[in-house]
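Have a look at the structure first.

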There are 2 protein chains.
Amino acid sequence: MIKVNGFGANSKEDQLHALEFQRREVGPSDVKIDILYCGVCHSDIHMARSEWGPAIYPIVPGHEIIGRVTEVGNAVTKFKVGDLAGVGVFVDSCRKCKSCTSGLEQYCDEGMTPTYNGYYRDGMTPTFGGYSSTYIIDEGYTLHLPFTKNLEGVAPLLCAGITTYSPLKYAGVSKGHKVAVLGLGGLGHMAVKFAASFGAEVTMLSTSPSKEADAKRLGAHHFVLTTDKNQLKGLKMQFDFILNTVAAVHDMNQYLDLLKVDGKMLVVGIPPEDNRFNAASIISKRRSIVGSMIGGIKETQEMLDYCAANDIYSDVEVIPMDYINTAYERVIKSDVKYRFVIDMKTLKA
Amino acid sequence: MIKVNGFGANSKEDQLHALEFQRREVGPSDVKIDILYCGVCHSDIHMARSEWGPAIYPIVPGHEIIGRVTEVGNAVTKFKVGDLAGVGVFVDSCRKCKSCTSGLEQYCDEGMTPTYNGYYRDGMTPTFGGYSSTYIIDEGYTLHLPFTKNLEGVAPLLCAGITTYSPLKYAGVSKGHKVAVLGLGGLGHMAVKFAASFGAEVTMLSTSPSKEADAKRLGAHHFVLTTDKNQLKGLKMQFDFILNTVAAVHDMNQYLDLLKVDGKMLVVGIPPEDNRFNAASIISKRRSIVGSMIGGIKETQEMLDYCAANDIYSDVEVIPMDYINTAYERVIKSDVKYRFVIDMKTLKA
């Protein structure tokens, strides 16, 4: 039994006892997945520590889940025992609203059902995430994984991958576009890979000179140190899009100025406080600031198929379950290239 | 000779002596306009008082100008003596960049030449605005005015009109859309007229209960008091677009929450300090914040033709030139329905 520290409250009762939780039974349209790998997302830490509102304790984090189907309900048609399967950030939604019926379940009017730290549609059965041995989920919210190798590098695609793929697709990024990626972390490294793969000329904007070599290895054509105001000045009105992954409070104006007329800043990071920007920064060149959150089931499947076809994976550091507290501390210090992925064999050991 | 007070510096030299300025000569492609009416825009006050950076004194404000052509250069083809003609917020641009060649001169890479408080392309000849008897301008930056009545209500279309028409068009507002207009002033009253005319269901969001009757007279279908948090709560996720005209610092989050999935806040007001918004407010429903500034010559002409065809005018209070200082004070107190327009006959008297 492994305990995960840092849950806001300090009592032992509030700590995680991952193996103890009884999951729901396998329903007619459910698949049961034996978890192979689960990515460690920064939001796991925010939620485990009640930094995004009070968590539902006890909590089992993890929403970048891949594994193998071990059981299927009698109405299941899309999966069979032995298939690889993935679970992302949500596991259900109202299924009736315009967002749900148009493949944008993540924006469900009634709210999606999060993979953990939430309740199923009954409003009372808690969901438990992927730092665990199994997950039971409706097949309609389960992803096919057409991969034959590097499964550990597939897990983070379920959150970090789709979070960056979706806004780049929504914005129509393609050959001929100049795209800047702001921040090289779990999200940023996937954004560079996707933008480059879509044919764009990619510039990494970073505060760390040490990241230049890595940015270029990931596919960035240029690297600019944002602490060098002269370099930034030379980039005014250069980009069609900036994918902004920064989750700390920052001055948006200096980056908005780098966008061309009609340029768009695609925001996927959520700083703990309000962002600030001067209206003139967007008005003066008809720029937009566009928010985007993960992706729907259909688009997530499209992204996974695209990654399999184009050999795109997340760069990961595989860890055993009992390294999780150290991993959390390293995530907070941005000391990971670029995603921790838990090998779930180590939980069963 | 009329002096306009409030120019940052207090010396008499810094005051306006409108009739004294010598304008440039009429060049081959220029038209000379005898000014009939000039609208009073809030930006006139900001610029006259150096609130948007140091003004170029002496200054003649005014960029909502209409009049009659009295002289044309020998290469002029689009105007003849006796025509009605209009001048908006800019009078030249580089004519070469992508924005200029695609009819978006307002976003010119080298910067547009403002109608006043700026320099012509030579970088040294100052531009003087419409609180004056005449304006000399290149015909390519001059607007045709296909109006036969209510000329005083036409003048503000050159700034307040196009500033609201352009973003509504850019966003594709049409029948079936729900549009909220935030703030009922010079810009807001035009936004209501245009959005309603385009077939949208229009809601006025205002802090002043006294404005309800007027909002509905202008074409709004609904009126909501933004100080009533319960009313606002009931409007969550209701609008496709919010046209935000507010030029004071305000909480954007409570308005962003009113937008549907993929909803857009169209920002045309420039508060003196940074706007604030929480990234979650846009990420959670893929919302956008879109800036927009006036419009290009082609679109401004399109707007004027549309207004003439659909009987759309600005609601104005016509004033004599020597009322200007009182008018400024009243604009600052939002005590005008909805635009002051100077009758330029009173300048010559």
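A salt bridge here is a side-chain nitrogen of Lys or Arg within 4 Å of a carboxyl oxygen of Asp or Glu. Keep in mind that this is a predicted model, where local features need pLDDT of at least 70 and side-chain atom pairs count only at pLDDT 80 or more, while totals for chains, interfaces and linings use all residues. Residues are numbered from 1 along each chain as its sequence is written, chains are lettered from A and ligands numbered from 1 in the order in which they are written, and side-chain values use heavy atoms, with hydrogens and water left out.

By that rule, there are 40 salt bridges over all chains, and two of them count between chain B and chain A. Here are two examples:

| Salt bridge | N to O distance |
|---|---|
| Asp274(A) with Arg276(B) | 4.0 Å |
| Asp214(A) with Arg217(A) | 3.0 Å |

The Asp214(A)–Arg217(A) pair sits within helix α5 (residues 212–218) of chain A, with three residues, about one turn of the helix, between one position and the other. Helices (H or I, at least four residues) and strands (E, at least two) are DSSP runs, numbered from the N terminus.

Now for the interface. Chain B and chain A bury about 3300 Å² between them, with 56% of it on carbon and sulfur atoms; buried area is the accessible area (1.4 Å probe) that two parts lose on being put together, summed over both. Contact (heavy atoms within 4.5 Å) involves 37 residues of chain B and 37 residues of chain A.

How are the copies related? A 180° rotation with 0.0 Å of shift along its axis puts chain B on chain A at RMSD 0.0 Å, using least squares on the C-alpha atoms of residues with pLDDT of at least 70 in both. The two copies are therefore related as by a two-fold rotation axis. Both use the same surface, as 100% of the contact residues of chain B recur in chain A.

Strands pair across the interface too (DSSP must find at least two bridges between them). Strand β15 (residues 275–277) of chain A runs antiparallel to β15(B), joined by three bridges, and Arg276(A) has Arg276(B) as its bridge partner.

Within chain A, β13 (residues 239–244) and β14 (residues 259–267) run parallel with five bridges, Phe239(A) standing opposite Leu259(A). Strand β14(A) also runs parallel to β16 (residues 288–291) of chain A, through four bridges, and there Met265(A) partners Ile289(A).
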